[in-house]
Every structure is written in C-alpha cells, then in structure tokens.
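Hi,

Here is the structure I promised to pass on. Have a look at it first, and then read my notes below.

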Amino acid sequence: MAVISASILSCDHAYIGDGIRKALAAGAGSIHVDVMDGYYVENMTFGPRLIWDIRRIAQVPVCVHLEVENPERIVPLFLDTPCDSIVFQTDACRNPIHLLEKIRQGGKRAGAAIGPAYAPEALRYILRHVDEIILMSVEPGYAGQDFEASVYEKLRELRRLMENAGRRIPVGIDGGVCAENAAKLRDAGADILICGSSVFNGEDISENLRRLLASLQT
C-alpha cells in the first residue's frame, strides 16, 4: 500500500507542530519538508533547525526535498540534522552522482527528483546511486498548482527503466495528489504519495487524511 507523506509546505506555518501531530495521529506515514531558496524557485521556506524540531514530535521518516540552486551548497547543512533522506532536483545539480554519494556517506538516503518537464530517461545512469525518487506532478515552488497528468506515463516509464536496471527504488509523487487520484497513482507504480493541500487545507486534517486513506482501499 502506498504511504501518505504529509508535506508541511501547505501547513499553517504558525501551527506547524500541531499540524504534524494531527497528520501523524490520522495516519500519515512520513513528513515531507520542502526547502526553497528563492533562486531555483521564487519562494523561500524552511531551514535545518526545523528538522530538529520536527524530530522531537515525529518518529516517522522525514524527507528533506531541496528545491534550491546549487544543492551542493545546501546538502551539508542538512547532513547534520536528524532527517532520514535528502532529495534534490537533478536539473539544479552539476554533478549529481557525486552529490548522491556524499548524501549516502553522510548516513542519509539519497534521492533524485525531476520536474514535470523532464523525462525519466534523465535518471537512467544514476539509478544505482539513488535510494528514492520523486516525480514532480507540478512545477516546483508553490502549493495548490494544477496536477500534470503526464506523471502517470512517467511512472510507467520509470518502472520499466528500473526493471531493466535490476533496481527497485521507492517512487514518490509530489504535487496535486488528492483522494481523487491517489489510487490511480498507486496503481501506476507510486510508493509514496506526497500530499500537501489535500492534507492541510481546511480545518479538519484528520478528515482529510481519512479521505485519502479510504481512497487507497479501493
């Protein structure tokens, strides 16, 4: 069964701790933290200190998703935090293999992400260095964007690439994931459904999670 990862980008930032507690109590399996620098995308979000604060209240896996220019500069800041994985946008990195191995050597799971304009083929020659993959189904930067349905085809393409390479890597879908498409994404090959607006929008986080999890029972 696919895991729901609660993306705190959509959480009320004045009550992040409360939002995380409610999401975990309702069944979220992990926490997703989007780190943005104002250069790669026109938005700025979280820093390393937040990871320590999240770890105090969450024992589930915490993924740091770097949507930053030159992630080589930023990765060392998060290697010293208690996150479980660090994922970066491959198009923002000059030497992705080197950076993936640096993340692994730092004791974290190393991940690669591609935006909706990029094909899974871009990942072919780094698969043996990758522990997890994120396919973006919206452009990086902001919550609440329209879902790019091309991600279904990309999921199937990525599964074929991994089978040919003899690899089985967890794949997450990030952007526009909701109760209406969660099961279809799972059936296309998604292992992790990264949900922001569909978890944190509105006043009832528990009900939002209930609907998401119920949709995966089909």
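First, the ground rules. This is a predicted model, where local features need pLDDT of at least 70, side-chain atom pairs count only at pLDDT 80 or more, and totals for chains, interfaces and linings use all residues. Residues are numbered from 1 along each chain as its sequence is written, and side-chain values use heavy atoms, with hydrogens and water left out.

(Buried is under 20% relative accessible area, exposed is over 50%, and partly exposed is in between, with a 1.4 Å probe and protein chains only. Helices are DSSP runs of H or I with at least four residues, strands are E runs of at least two, and both are numbered from the N terminus.) Val 62, Val 64 and Leu 66 point one way, Cys 63, His 65 and Glu 67 point the other way, and all are buried.

On one pairing, strand 2 (residues 30-36) runs parallel to strand 3, joined by six bridges; two strands pair if DSSP finds at least two bridges between them. Val 35 has Leu 66 as its bridge partner in strand 3. Getting from strand 2 to strand 3, the chain passes through helix 2 (residues 48-57), and this β-α-β crossover is right-handed. (That means the path from the first strand over the helix to the second runs clockwise, with the strands pointing away from the viewer.)

Strand 3 also pairs with strand 4 (residues 85-89), again in the parallel sense, over four bridges. Here Cys 63 has Ser 85 as its bridge partner in strand 4. With helix 3 (residues 71-79), strands 3 and 4 make a right-handed β-α-β unit.

Val 64 is worth a click: this strand 3 residue has a relative accessible area of 0%. Leaving out residues up to four places away in sequence, Val 64 touches Val 33, Val 35, Ile 51, Phe 78, Cys 83, Ser 85, Ile 86 and Val 87, where contact means heavy atoms within 4.5 Å. Phe 78 is 14 residues from Val 64 in sequence, yet their C-alpha atoms are 8.0 Å apart.

**Charged pairs**

I get 13 salt bridges, counting a side-chain nitrogen of Lys or Arg within 4 Å of a carboxyl oxygen of Asp or Glu. Three of them:

- Asp 53 and Arg 56 have their closest N and O atoms 3.5 Å apart. They are three residues apart in helix 2, so about one helical turn separates them. Asp 53 is partly exposed at 24%, while Arg 56 is exposed at 65%.
- Arg 104 and Asp 131 meet at 3.0 Å, N to O. This pair links helix 4 (residues 96-105) to the loop between strand 5 (109-114) and strand 6 (132-136), 27 residues apart. Arg 104 is partly exposed at 27%, and Asp 131 is buried at 19%.
- Asp 191 and Arg 168 come to 3.1 Å between the closest N and O atoms. Asp 191 is in the loop between helix 6 (182-188) and strand 8 (192-195), and Arg 168 in the loop between helix 5 (151-165) and strand 7 (171-174), so the pair ties together parts 23 residues apart in sequence.

Shared partners also join Arg 49, Asp 53 and Arg 56 into one salt-bridge network.

Cheers
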